[in-house]
Amino acid sequence: MKKSLRYVAGLCAIWLLQACSTSQPAATQQETAKPVENAKPGAKAATEFRAAWVATVANINWPSKPGLSTQEQQREAIELLDFLQAHKFNAVIFQVRPQTDALYDSKLEPWSYYLTGQQGKAPEPYYDPLAFWIEAAHDRGLELHVWLNPYRAHHVAGGEISEKSIVKTKPELVVKLEQGYWWMDPAKKGTQDHSTAVVMDLVKRYDLDGVHFDDYFYPYSSYNNEKDFPDDDSWAAYLKSGGTLSRGDWRRQSVNQFIERLYSEIKAEKPYVKFGLSPFGVWRPGYPASIEGMDQYDKLYADARLWLNKGWVDYFTPQLYWPINRIPQSFPVLLGWWAGENTQKRHLWPGINVGRDSSALNVRETMSQIMISRGMLPESQGVVHWSISSLTKNPNMAKSLLSGPYKKEALVPASPWLDSSAPAAPSVSTTTQGDSLKVSWTHPDEKDVFRWIVYYNYAGRWDYKILNRNDRSLDLKLSNGSAQGPIPLSQISVTAVDRVGNESAFQEIGLTQQ
């Protein structure tokens, strides 16, 4: 019954896109601050994960081509981040390891071909792209999650294989596929050790908010012309050691061990860094009964349901890249099934993609999927958009998001299993400046704060503004105009939000006329 109610709620939510009212400033009014004890806000800030993937493989999203200057790369990065901030997003999933290479300064793997056009060559003038992206994202109130491909050693669009490539430095770990890709053998201990070391190097050295894998585990069979993955040597070694699993179970076990190990090691190093997975949207055909399509369990050897059941993730983003009414792969039907598998109550933020078509029909489909997700998963709302170019190159889509479901700013939902301790409340002061009230604040532990929220009340109606880590003040009009005359600002509050979404206590300040 609960699932049915959620489903109905999700479908009904399609019709609930509402515009928030705005008001205009009017006459000046002098105010002074007066604390009000035991007060509660009339409207808390919305929480919803709003993220977009930024793909670097084959220069899909960034940089626009290999070999751009440092200045050009940084300009393109800022344009993308400014777009996300302006359209009320709060996270970016940035691909930093497209093919056992690095879009950051790494001693484990070479600089990416997609940066400079030559694998192993650093940007000129030198800079660290990941450090730049993190700083710029955080300054805009965006979480940054690094996205890695755990096993892809070389992509067909990745230029020449350099002497620094893992294909040359650790040939015993890789196999060549018939379509020209090189792949690390997931069953080999050396593969697991190397990829784990790469992830943990990132976690240790960079101020990350999350680590993210997509759907590439064992490769899609088309990469090898529908032939089996060429791992005869590691399979023979397993059998010789006394192994008794079937070949499919053995492959899945290798991936499972890697996922569990990574989750454990990330939490031991930095518990607040979220681990997210974005598998193919169908676990197996027939789950649920109406679903058809590829069997990732049997083809990619990815037991994504197990990872979700076990809680080896902090957020789960199945790639539900199908329309609502496509019966064999229906968006709400698949989302409802994955929700039923979320026994550990992790975040379930589906990946969505219905293409770059700017027609009203396609835009409506995307808006509807967002609203269905809200209705079905009200306790932790959110989606991830594939990819950022589907937004930046689709003005109709971007405009509809901003005027519809993303009109109001939102925080990333909290992850209480990582940390449930809220930061201390900030100390707030106010100063009247003409027709405005300057609200300022300080905090005893600024390193524990990622964002600030200023709540304000005109005529009993609360609203809010989410501010970024470097902000320490906000100007508010002392009165808003209406047809009935000026409406005075009567109450304010400022709260602090930490890295995992915990918000400090709400301490209301009442304002009285002088």
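Me: What makes a contact a salt bridge?
Reply: A side-chain nitrogen of Lys or Arg must lie within 4 Å of a carboxyl oxygen of Asp or Glu. The structure holds 30 salt bridges. This is a predicted model: local features need pLDDT of at least 70, side-chain atom pairs count only at pLDDT 80 or more, and totals for chains, interfaces and linings use all residues. Residues are numbered from 1 along each chain as its sequence is written, and side-chain values use heavy atoms, without hydrogens and water.

Me: Why is the contact of arginine 97 and glutamate 109 called a salt bridge?
Reply: Their N to O distance is 2.6 Å. The limit is 4 Å, so the pair qualifies. Arginine 97 lies in strand 5 (residues 91-97), and glutamate 109 in the loop between strand 5 and helix 3 (113-116), so the pair ties together parts 12 residues apart in sequence. Strands are DSSP runs of E, at least two residues; helices are runs of H or I, at least four; both are numbered from the N terminus.

Me: How do you know whether arginine 97 is buried or exposed?
Reply: Buried means under 20% relative accessible area, exposed over 50%, partly exposed in between (1.4 Å probe, protein chains only). Arginine 97 has 1%, so this residue is buried. Glutamate 109 has 5%, so that one is buried too.

Me: What about glutamate 178 and lysine 227?
Reply: They meet in a salt bridge at 2.7 Å, N to O. The pair links distant parts of the chain, 49 residues apart. Glutamate 178 has 42% relative accessibility, so it counts as partly exposed. Lysine 227, at 48%, is also partly exposed.
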